[in-house]
Amino acid sequence: MDTAFRFSLTEEEKECLKTLVRYSISEKLSPTGTPVPPPVSDKLQEKFGAFVTLKREGRLRGCIGHLVGDEPLYATVFEMARQAAFGDPRFPPLSAAEFDDLNIEISILGPITVCPDPKQIEIGRHGLIIRKGPYSGLLLPQVAVEWKWDQLTFLQQTCRKAGLPPEAWKDPDTQLFWFEAEVF
């Protein structure tokens, strides 16, 4: 059974969302009252979870997402852009001086389901979520590719992200979820 996430966007839709990210951040840095650019298609009104990742000079500068598709994609991306720029607790709020140097990556999440077997995880295809008690960690599919991790390292790093020991994924009390994403 093929469970591939079959959501895709046109280049125009992707560019619209990236423009929206820049608009969201710039309006927070220096409000002009310019109207929010409208979505270019009905597809951007569909409800999906999404992450916005900001990088500067090749280094992570902020990454925040919303897992649940409970708002239109357009609205989720707008809010996650602001959160990534100004609300990621790992970084100080973005300054106006950093704005022009930002690289933007958007990840639109497919359904999140229980991973039936860790051996089925495909690097570059699956993102992971680990949960045990009050601990939870998520890594997007592209992270394992960027760091050149194998399957085991990806599992261990997701555990570390959750604040758990690297082998916690083997514990029967640990929940392992996976998802796919459209990343651009």
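Guide: Side chains of opposite charge can pair when their charged atoms come close. Here Arg 125 and Glu 180 form a salt bridge, with their closest N and O atoms 3.0 Å apart; the term denotes a side-chain nitrogen of Lys or Arg within 4 Å of a carboxyl oxygen of Asp or Glu. Arg 125 belongs to the loop between β4 (113-114) and β5 (127-132), and Glu 180 to the loop between β7 (175-179) and β8, 55 residues apart. Helices (H or I, at least four residues) and strands (E, at least two) are DSSP runs, numbered from the N terminus. The model is predicted: local features need pLDDT of at least 70 and side-chain atom pairs count only at 80 or more, while totals for chains, interfaces and linings use all residues. Residues are numbered from 1 along each chain as its sequence is written, and side-chain values use heavy atoms, leaving out hydrogens and water.

Visitor: Is Glu 180 buried or exposed?

Guide: Glu 180 is buried, at 11% relative accessible area, whereas Arg 125 is partly exposed, at 24%. Buried means under 20%, exposed over 50%, and partly exposed in between (1.4 Å probe, protein chains only).

Visitor: What is the order of the strands in the open sheet?

Guide: Strands of a sheet pair through backbone hydrogen bonds, either parallel or antiparallel. In this open sheet of four strands the order is β2-β1-β3-β8, with antiparallel pairing; two strands pair if DSSP finds at least two bridges between them. At the edges, β2 (59-66) and β8 (181-183) each have a single partner strand, so one side of each lacks a neighbour in the sheet.
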